[in-house]
Each structure stands twice: as C-alpha cells, then as structure tokens.
Amino acid sequence: MNFFASIGRTTLDLLREIGRFNIFAIESVSGIVRPPIFWPLILKQIMRIGFYSLPVVGLTAFFTGGVLALQIYIGAARYGAEQFVPVVVLVGILRELGPVIAGLMVAGRVAAAIAAELGTMRVTEQIDALTTLATDPIKYLVVPRWVAAVISLPILVFIADVIGVFGGYVASTQSLGFTGSIYLNNTMNALNNHDIASGLIKAAFFGFIIALMGCYYGFHSKGGAQGVGSATTSAVVTSSILILATNYILTNIFNFFSF
Amino acid sequence: MARVSSTAKVELRGVKKRFGRKVVLDGLDLTIEPGQSLVVIGGSGTGKSVMIKCVLGILRPEAGEIYVDGMEATRLRGRGRDAFLRKFGMLFQGAALFDSLFVWENVAFGLIQGRGMQRSKARDIAMEKLAKVGLSAEVGELCPAELSGGMQKRVGLARAIAADPEIIFFDEPTTGLDPIMADVINNLIVDTVRGTGTTTLSITHDLVSARKIADRIAMLYKGKIIWEGPTAEIDHSGNPYVDQFIHGRAEGPIKMEVKA
Ligand SMILES: Nc1ncnc2c1ncn2[C@@H]1O[C@H](COP(=O)(O)OP(=O)(O)OP(=O)(O)O)[C@@H](O)[C@H]1O
Ligand SMILES: [Mg+2]
C-alpha cells in the first residue's frame, strides 16, 4: 500500500511541478505584450548576461576551434582529405559548437547568477514586497532577463563563431602546416548564410532556456540559504540538459528542411 | 463580482489557509473600520504574517472571503489587482528592502514604478519620508546592506508610508529597535493614522507599542480571533488566553508547542 501511495504522491508532485512551470512560462512570455516594459532593466541585463560573458565565451570558443581543427585533421589525413579541415571547422563551429559551447558557458554563469539573485529575493520577501508596491514581479524581474538573454545570446554566439574559426586557423597554421591565405580562402568560400543563421537561431532558444530556468528556480526557491543553493544547482543542470536536448531537436528540424 | 457588504474598510470572513497538513488560519473573521488602528497580537507562529499576506493576495487562502472597501479581493487579477494594491502600504517583518537599489530608491519605488511619478519628485518625497523615520539624507544614498537591522526596519517603514496609502499593514514595526526608537516609531504610526484617516493593521508582540498605537486589539490563537475589544479593555478582558499573553506567563491555557 505504502509503495503505491508513494508512487501516487510522486506522480502528483510531478504533475503539479509541470503545471506550475507551464503557468510560469506562459506568464513570462505574455509579459512582453502587457505594458509596462522596463527598457532600462533590459539594457542592464544585456550588460550582465551578454557583455560580461564575453571573456569566458571568447576563450572557450578559441580553444574549441583550435582543438576541433587538430582532431579533424587526424581523421581527414587518413583519407588524404586535409584540405577539408577549414570547411569542417567552419561548419562545426557555426552550426554546433559555437551555440552549444556558448550556451553551456552562459548557462553556468548566468542561470546560476539569476537563480541565486531571485532566490535570495524570494526568501527575503523582496518578491512579495514588489507585489505590494503594485509591480508585477514577472514583468519587473523575469521579462527583462529573458528578453535580454534572447538578444544577447545570438550576439555572443556570433562573436564566438568568429573567435572559434580564428582558433581553428591558429591551430592549423601553427601546428598543422596550413598556409594562412589558403586556409582563409577555403573558409571564406565555404561561408554560407544558412550555417550562420541556424547557429544564431539556436542561440536565441538557448538564451530563452537559460533565463527562464534561472528565473523559475529562483522564483520558487524556499528555505533560506540551502534552498537558494539547490535552486542554483537545479537551474544550471536543467538549463544545460535542455540546451543539449533542444539542440538535438533543432538540428533535426533544420536538417529536415535542408536549412 | 464586486459586492457591497458593509462599511468596513477591510473585512475577513472565514479565511482558511494551510500549508500541507498544517492548518494556519482556520476560519478567521476580522473587521477593520475606516480610520481605525487595529493591533493583532498572538504567539509566534500563529499565522499573523500569513493573515496579512492573504489580504494582500501574496498567499491565496483555500476558503473564505476578503473584502476591501466592500470589494471581494481574493480573485482579483491584472489591472484590478494593481489598483487594489495601490491602496496598501506594507512593512514586512524582515523589512524586505531591495538590495540592488539605493535606500531612497527603495522608498520611492512605489511612487516611480507603481504610480509613474518622476524620479526627481519621488526622490524629494523619499527623503522627506526618511526624515520622518529619523534617517538623514546621507542614509538615502546608501545601499540597504550597509544599514543596521533597525535602520532597515525604518526604511521599510518609510517605504510603506511613502505613497500615503489608505491602508497600511505593519508587521512588527518595533521589533529590533531600541526602546526610544520604538517610541519614535509608535508616535509616527499614531500621527500617520490620526492625521489622515489612514486605516492600519499592525502586528506586534510588544504590548507597550500595542497600547500606544491601537484603537482596538485582537488576539489570534489557533487560526481564529479569540478576543477582540477596545485597547482599554485588554486588561480586564476576562479571557484567560489574553490574560496569559499580556502577562507573559508560561503557565496557562496556551501551551507552547515545545517538545522535550
Ligand atoms: N510559505 C510558507 N510555507 C510553509 N509554511 C509557512 C509559510 N509561511 C508561513 N508558514 C507557516 O505558517 C505558520 C505561521 O507563520 P507566520 O509567519 O504567519 O507566523 P507569525 O504569527 O507571523 O509569527 P511571528 O510572530 O514569529 O512572526 C508558521 O508555522 C509557519 O511555519
Ligand atoms: Mg510574523
């Protein structure tokens, strides 16, 4: 009996959580069409989410691009296809690694920061205080963050793309004996709007996921410092998993439409 | 769905609220007349803060009705809810200041965000309200984290009264203040109410404060109001629970839930 009771309770808890999340997501998205919109807060969040993530995203993109070139070279050399290294690096960075690496790095940085900040605001009743001052916390806290993330991530990923390809260029010319001008030429010839756009579309989705998960876990954290800590962890873990899953789905969709 | 019920400013009818299996409010009835200062006393953890949060819609009661100016409030949403909330000022037990904003921005928040007032004008009002609670303009330029607990409480108070609301809730306004500052705050509450016809609901453990600011006192016990009457009658209420509470005796009908 106890066994079934606990299954029942777990199922109910799960359903309740899903319902709560859906309501939160719908209110957060619809908040953008219900005035007021807090533009200064959006700008501030773009600085915090986008601008301050530049160093970490740039560094990871550089090393990822470099190591990608080195590994592809190993495979390509087996078939005497070394000249395809620039193209594969380009496509790999633009379509996959740029958005995914930037997404995961920003998830670690930003989802955690958002969850910790909003979680602290929740447990110190600052979110309740917003309500009593006739300010909708969803519009004041959540909407600026997700809008800023959706704007910032594609820009970050675009920069990561450039740096990542440059990383591949550096590795290829320094360690693999490529001639710089030829490498660049091959890269430029292979450049394709679809590759760029598909990565940037992914980035916008990832930005939304990161901000929404950070806000959701922060908003619903309870129980003092420990609760805020576990909200932070959940936000990072969940947004990372969702980024990878969404990436898989989006890649399938793009492939299906030959985009 | 607006329904005129009575002349009361705030009225709670049969409000029930529980968390999981723990019943906190169990059919609570309470009426506050316009311009009245009601103080609710009661032991720690009896649900005084929860009661206030139910009125403000921060918590949703499972049952019961809450009327403010004769309008049912528990199902308000959107614009209607914003207009409803603009009637209120609230001092939180833990002050709940926004730590990302300066002190004066905290005080001016309801004016700027809630009412769309210009920043410079709101700032002047904020500084004026800070002065009322005994804080200088320099304090207005600090961050909340740089203040002592008592100062934070006073900033919270300034924020609650900043927009001159019709109804103000004070959740333990004098807790954590020295006796002299507590008296300053008591006087401030009295002045706010007497001068302007503001309706207030205060929660306190501090009977000195309660006697000073209350027109009427109500006692909350086990999720219900077990006694209510004019301030002068509290000393001869004839209610053993109230007697035990105001004399601070461990022995009596109220058993603290302390397990050995
Ligand atoms: N968000 C919540 N989730 C679960 N339980 C809660 C929540 N808020 C309050 N409670 C419980 O409700 C009860 C009443 O809490 P409340 O804060 O109203 O007490 P109080 O009367 O204000 O006490 P105090 O005088 O110490 O402030 C407590 O037992 C508390 O554990
Ligand atoms: Mg309380």
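The largest cavity in this predicted model holds about 80 Å³ of space. The count comes to three cavities of 30 Å³ or more. A magnesium ion (ligand 2) is coordinated by side-chain atoms of B:S49 and B:Q93, and the structure contains 22 salt bridges over all chains.

**Cavities**

- Thirteen residues, given as 13 in the count, line the largest cavity, and A:L133, B:G110, B:R115, B:R159 and B:A163 lie nearest its centre.
- Two or more lining residues come from each of β6 (88-91), α3 (103-114) and α6 (149-161) of chain B.
- The largest share of this lining, three residues, is supplied by α3(B).
- By class, the lining of the largest cavity comprises eight nonpolar, three polar and two charged residues.
- The second largest cavity holds about 70 Å³ of space.
- Its lining is formed by B:C54, B:G57, B:L59, B:R60, B:P61, B:A73, B:T74, B:L76 and B:R81.
- Five nonpolar, two polar and two charged residues make up the lining of the second largest cavity.

**Magnesium site**

- Because B:S49 belongs to helix α1 (residues 48-55) of chain B and B:Q93 to the loop between β6 and α3 of chain B, the pair ties together parts that are 44 residues apart in sequence.
- B:Q93 is partly exposed, with a relative accessible area of 36%.

**Salt bridge in chain A**

- A:R145 and A:E117 form a salt bridge through their side chains, with an N to O distance of 3.0 Å.
- A:R145 lies in helix α6 (residues 137-175) and A:E117 in helix α4 (residues 85-123), both of chain A, so the pair ties together parts that are 28 residues apart in sequence.
- A:R145 is buried at 4% relative accessible area, whereas A:E117 is partly exposed at 22%.

**Salt bridges in chain B**

- B:D69 and B:K9 form a salt bridge whose closest N and O atoms are 3.1 Å apart.
- This pair links distant parts of the chain, 60 residues apart: B:D69 is in the loop between β4 (63-68) and β5 (71-72), and B:K9 is in the segment before β1 (10-19).
- B:D69 is partly exposed at 33% relative accessibility, whereas B:K9 is buried at 11%.
- B:K9 and B:D69 also belong to a network of salt bridges with B:K87 and B:E166.
- B:R216 and B:E228 meet in a further salt bridge (2.8 Å, N to O), which links strand β9 (residues 216-221) to strand β10 (residues 224-230) across twelve residues.

Technical notes:
Residues numbered from 1 in each chain as written. Chains lettered and ligands numbered in written order. Heavy atoms only, no water. 1 Å grid on protein atoms, 1.4 Å probe; cavity = no way out; pocket = protein on both sides within 12 Å on 5 of 7 lines; lining within 4 Å. Points joined across faces, edges and corners; volume = space filled by probe spheres on them. Helix = DSSP H or I, 4+ residues; strand = E, 2+ residues; numbered from the N terminus. Nonpolar A, V, L, I, M, F, W, Y, C, P; charged D, E, K, R; others polar. Donors = N, O, S within 2.8 Å, 3.2 Å for Na, K, Ca; no water. Buried < 20%, exposed > 50% of the residue type's maximum accessible area, 1.4 Å probe, protein only. Salt bridge = Lys/Arg side-chain N within 4 Å of Asp/Glu carboxyl O.
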